[in-house]
Amino acid sequence: MGISLTYGQVMIFVTILWIIYRVIAAFRNKRVDWKNECKILTVYASIAFVTRLVYFPLFGDQDKIVFIYTSKNVRNRLNLIPFVSIINKYQDWDINFFGNIAMFIPVGLSFPFCYKQLNNIGKVTLAGACYSLLIELSQMFVFGRGTDIDDLITNTLGALIGGTVYFAILHIKQKSGKTR
């Protein structure tokens with residue numbers, strides 16, 4: 001028993017939430033900074049990108065997700081042992097491993113670009129880890145998906161790599177006289 005959603009439906013819902021969030025921010029700030037809105041749009045794009053890859057895999061015939069209400073067989077969809085997928089080397093483990101890293105590099109790039117509070121690699125990595133944890137916990141309620149500590153680790157590593165690239169570019173720009 002559950003609800004079935006397509007990628008389009010999910011993105012409409014996420015887009016409505018995003019617009020509400022940005023309208024509230026505009027009212028709170030009593031103005032709209034269009035340059036900043038364009039920057040923040042990169043966060044939305046990374047959320048859309050991650051949503052597409054996490055819940056609607058590019059390969060296979062899964063064109064919709066089904067949210068379930070029961071917690072039956074949660075143990076079968078929950079892995080808390082790090083790197084069990086690498087140790088057991090199930091089919092496509094390498095695509096999963098490196099794909100999770102690559103998927104979160106844009107998160108590590110876009111978060112500090114948009115949010116001044118994320119002003120060092122540690123904060124960006126922690127934000128990426130929290131975002132990954134939110135995704136992993138949400139997958140407990142999606143039919144056919146699972147929560148895996150490996151995904152949390154590799155996603156966080158991707159955010160770390162993206163943040164490192166961002167701050168390296170920022171450092172190079174500052175050395176050449178161009179600032180944020």
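Good morning. Because the model is predicted, local features need pLDDT of at least 70 and side-chain atom pairs count only at pLDDT 80 or more, whereas totals for chains, interfaces and linings use all residues. Residues are numbered from 1 along each chain as its sequence is written, and side-chain values use heavy atoms, with hydrogens and water left out.

I begin with the overall fold. The protein chain has six helices and four strands; these are DSSP runs numbered from the N terminus, with helices being H or I of at least four residues and strands being E of at least two. Along the sequence their order is β-α-α-β-β-α-α-α-β-α. Of the 180 residues, 36% count as buried, where buried means under 20% relative accessible area, exposed over 50%, and partly exposed in between, with a 1.4 Å probe and protein chains only. Taking contact to mean heavy atoms within 4.5 Å, 77% of the contacts between residues at least 6 apart in sequence join residues at least 24 apart.

I turn next to a helix pair. Helix α5, residues 121-138, packs with helix α6, residues 149-175, at an angle of about 145 degrees, and their axes are 8 Å apart. Here the axes are lines fitted to C-alpha atoms, for helices over the stretch in contact, and angles run from 0 to 180 degrees between N-to-C directions. Which residues of α5 and α6 meet? On the α5 side they include V124, T125, A129 and S132, and on the α6 side they include D151, L152, N155 and T156. The residues of this contact divide into eight nonpolar, seven polar and two charged; Ala, Val, Leu, Ile, Met, Phe, Trp, Tyr, Cys and Pro count as nonpolar, Asp, Glu, Lys and Arg as charged, and the others, Gly among them, as polar.

Two residues illustrate the contact. S132 lies in helix α5 and is buried, because its relative accessibility is 0%. Leaving aside neighbours within four places in sequence, S132 is in contact with F104, D151, L152 and N155. T156, in helix α6, is also buried, with a relative accessible area of 16%. With the neighbours within four places left aside, T156 is in contact with T125 and A129.

The next topic is the core. A nonpolar core is a set of buried Ala, Val, Leu, Ile, Met, Phe, Trp, Tyr and Cys residues joined through side-chain atoms within 4.5 Å. The largest has 27 residues, of which V50, F104, F111, Y131 and I135 touch the most other members. The elements giving two or more residues to this core are α1 (7-29), α2 (34-55), α4 (93-114), α5 and α6, and α2 gives the most, with seven. Beyond its neighbours within four places in sequence, I135 is in contact with V50, V54, Y55 and F104.

Finally, I come to charge pairing. How many salt bridges does a search of the whole structure find? The search finds one, a salt bridge being a side-chain nitrogen of Lys or Arg within 4 Å of a carboxyl oxygen of Asp or Glu. The partners are E37 and R22, whose closest N and O atoms are 2.6 Å apart. E37 lies in helix α2 and R22 in helix α1, so the pair ties together parts that are 15 residues apart in sequence. E37 counts as buried because its relative accessibility is 18%, and R22 counts as buried at 11%.
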